[in-house]
Every structure is written in C-alpha cells, then in structure tokens.
Amino acid sequence: MRLLPGRQSADPQPTYIGFTKSLKNNGYEAVHSPLVKDENGVWRMDFADMEKHLKEEHIHAAILCNPHNPCGRVWERWELEKAMELYKKYDVYVISDEIWSDIILSGHKHTPTQSVSEDARMRTAAFYAPSKTFNLAGLVGSYHIVYNDWWRDRILKESSLNHYNMMNVLSMHALMGAYKPEGYEWTDELCEVLTGNIDFACDYIANHFEGVKVAKPEGTYMLFVDCTDWCAAHGKTIEDVEQACWDVGVAIQDGRMFHGPCHLRMNLASPRSRIEEAFRRMDQYVFNA
C-alpha cells in the first residue's frame, strides 16, 4: 500500500467524523461510498458503488467500521466476506475500527473482520479499545491487532513519530480489569440495558414523532435519526430542531458532521429514567409542540 498526501481512501457513509477529519488533517481525501437502506429499512453497503470507486479512483486503503458508527449496523458475515473479496480484488488494505464490538444488542453477533478469510486476516489491521464499553476514553488504552509482519512494522514506525504511543500504569490495569470475567458479566448486563433503551427510543419515535425516521441499530448505544420529512412538513431546519432540544435540556448532536444532511445523533447510554424524560421533553416541546 502506498498512500501519499492528496491520495484517496475509501470510507462508507454515513461515517464517523473522526475518520474524515483524521484523514483530512493528514493530507488525504476520503472517498465516501454511501450506505443504502434495503426494503426492510436496514442499512447495507452498496457493493456496486464501492467497486466503482475502488476501480476508477485506484483506491488502496479502506476504513471499515464494524459495528458501524453512527448507524449501528452489526455487519453479517456474508457482508464482510463480500466486502473483503472486493478489497482483495483491488489490493486494498483495510483499517477495521471494531471499538464497538463489545456493545452488541440482543439477537445480534459481532464477526471480527479478520476472521472471515485468511486473506482478510493478513489484509486487515483491526483496532479495539475498552473505552466505549467501560467509559475509559482518555486513558490511552486502545490497541491494534495486525498479523501481517510487513504492515505491523510500518504501523509501528508511523505510530512512533509522535512519541505518544504508550500505555500508562492506570490504563494498563484498567484494560486488564475490563477484560476479566467480572467485566464480561457487567458488559452482558450493560447490553441488556442498552437493548431496552434502544427498543424504547425507536418505538417512541415511531409512535409519537410523525415524519421522524430511524433504523433500529444492532450495536452501539447511538441512534442516527432522520428528521427530513418532519422538517419539510413544519418548515424547520435541523438547526431549529437541535436548538429546541437544547433549550429544554436535551443534549443532542448534529448529524451533518456524520454525513446525515438532516439528521440527529442521540446517545442512549443513560439510565432508562433519563431516556424517558428526554423523549417526553422532545415530544412536548419539540416534535409535537
């Protein structure tokens, strides 16, 4: 893989802002391949569009978010296999962000990208961290798994340049503690709580917020909410919706930075009572005011 400033890498959208900003700040341009919804409203990769970009724009690096942020898809094995077949065909190396892999909602299962084939194992650098699951962001406890010796050496060389790539004592013990049996048990309970929060929020939107749409996520604790029809019906902008939410104490995130033109991003990692109160306020003061 040879990536130079100004060259391009592929990235499905909607996408996490950290990917696009990091690429831009390092002199690269992301080529986005939009996800599409199937007949059941499930976000899917558009493999034809992906191949078109890979072929025509000579892309040799791709970012895969598994599970996906912000739409919450937990990619099925066949989807990963099909994507990795394309990346093999066009000699594309893959950065697979799997930081959400612990937070899988009921009825779904995470498939590590590197597990789908021997080629995927050698072509992919997988990135993990306990930060999303255990609220440990800032402790410098993320890590990567790379089986390809050549690629691992290159990653180590590049990551050494900033001289800030080592764990500290606190982060080391936090990481080990998180992945002990007590951490597994706590995470299982967390996923049950988050599944309930997601079910409540999606049902509430469907039953109370006419013109607002959301595809129920399969992982993460985020909702990516489409307000396009509601805004059109009420002569409002997404900024109006955000301001109305903040005015009544509901902290909401602008979805445009994630390539959602009229979207909100909602974080449901809170006690159910807080979630219910937030939706009551949005119901009374925002969407049905």
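## Helices H2 and H3

Helices H2 and H3 run roughly parallel to each other, a label given to angles under 35 degrees, whereas those over 145 count as roughly antiparallel, 65 to 115 as roughly perpendicular and the rest as oblique. H2 covers residues 47-56 and H3 residues 77-89; the two pack at an angle of about 15°, and their axes are 10 Å apart. Axes here are lines fitted to C-alpha atoms, for helices over the stretch in contact, with angles between N-to-C directions running from 0 to 180 degrees. Helices (H or I, at least four residues) and strands (E, at least two) are DSSP runs numbered from the N terminus.

On the H2 side the contact is formed by Phe47, Met50, Glu51 and Leu54, and on the H3 side by Trp78, Glu79, Lys82, Ala83, Leu86, Tyr87 and Lys89. Contact means heavy atoms within 4.5 Å. By class, the contact of H2 with H3 comprises 7 nonpolar, no polar and 4 charged residues; Ala, Val, Leu, Ile, Met, Phe, Trp, Tyr, Cys and Pro count as nonpolar, Asp, Glu, Lys and Arg as charged, and the others, Gly among them, as polar.

## Basis of the description

This is a predicted model, in which local features need pLDDT of at least 70 and side-chain atom pairs count only at pLDDT 80 or more, while totals for chains, interfaces and linings use all residues. Residues are numbered from 1 along each chain as its sequence is written, and side-chain values use heavy atoms, with hydrogens and water left out.

## Helix H11 and its partners

Helix H8 (residues 181-208) and H11 have axes that come within 10 Å and cross at roughly 15°. H8 is therefore roughly parallel to H11, and H8 passes H11 in a right-handed crossing. The residues of H8 in this contact are Gly196, Asn197, Phe200, Ala201, Tyr204, Ile205 and His208, and those of H11 are Arg272, Ile275, Glu276, Phe279, Arg280 and Asp283. They divide into 6 nonpolar, 3 polar and 4 charged residues.

H11 (residues 272-287) also packs with helix H10 (residues 238-247), at an angle of about 125° and with the axes 9 Å apart. This angle makes H10 oblique to H11. The crossing of H10 and H11 is right-handed. Val241, Ala244 and Cys245 of H10 meet Met282, Val286 and Phe287 of H11; the residues of this contact are 6 nonpolar, no polar and no charged.

## Cysteines and a buried histidine

The structure contains 0 disulfides, a disulfide being a pair of cysteine sulfur atoms within 2.5 Å. The cysteine sulfur closest to that of Cys231 belongs to Cys262 and lies 3.6 Å away, which is too far for a bond. Cys262 is accordingly in no disulfide. Cys231 is buried, at a relative accessible area of 4%, and Cys262 also counts as buried, at 13% relative accessibility. Buried means under 20% relative accessible area, exposed over 50%, and partly exposed in between (1.4 Å probe, protein chains only).

His263 is found in strand E12 (residues 263-267) and is buried, with a relative accessibility of 8%. Apart from neighbours within four places in sequence, His263 is in contact with Phe224, Val225, Asp226, Ile238, Gln253, Asp254, Gly255 and Arg256.

## Backbone features in the loops

Most residues other than glycine have a negative phi, and most peptide bonds are trans. A cis peptide bond joins Asn66 and Pro67, with omega about 0°, and another cis peptide bond joins Asn69 and Pro70, with omega about 20°. Pro67 is in the loop between strand E5 (61-65) and H3, and Pro70 lies in the loop between E5 and H3.

Asp91, although not a glycine, has a positive phi of about 55°. Asp91 is located in the loop between H3 and strand E6 (93-97) and is partly exposed, with a relative accessible area of 41%. His259, likewise not a glycine, has a positive phi of about 70°. His259 belongs to the loop between strand E11 (253-254) and E12 and counts as partly exposed at 33% relative accessibility.

Val140 is found in the loop between helix H5 (131-134) and strand E8 (143-145). Val140 is partly exposed, with a relative accessible area of 27%. Val140 and Ser171 are 31 residues apart in sequence, and their C-alpha atoms are 6.4 Å apart in space.

Conventions:
Left-handed = near helix turned anticlockwise from the far one by under 90°.
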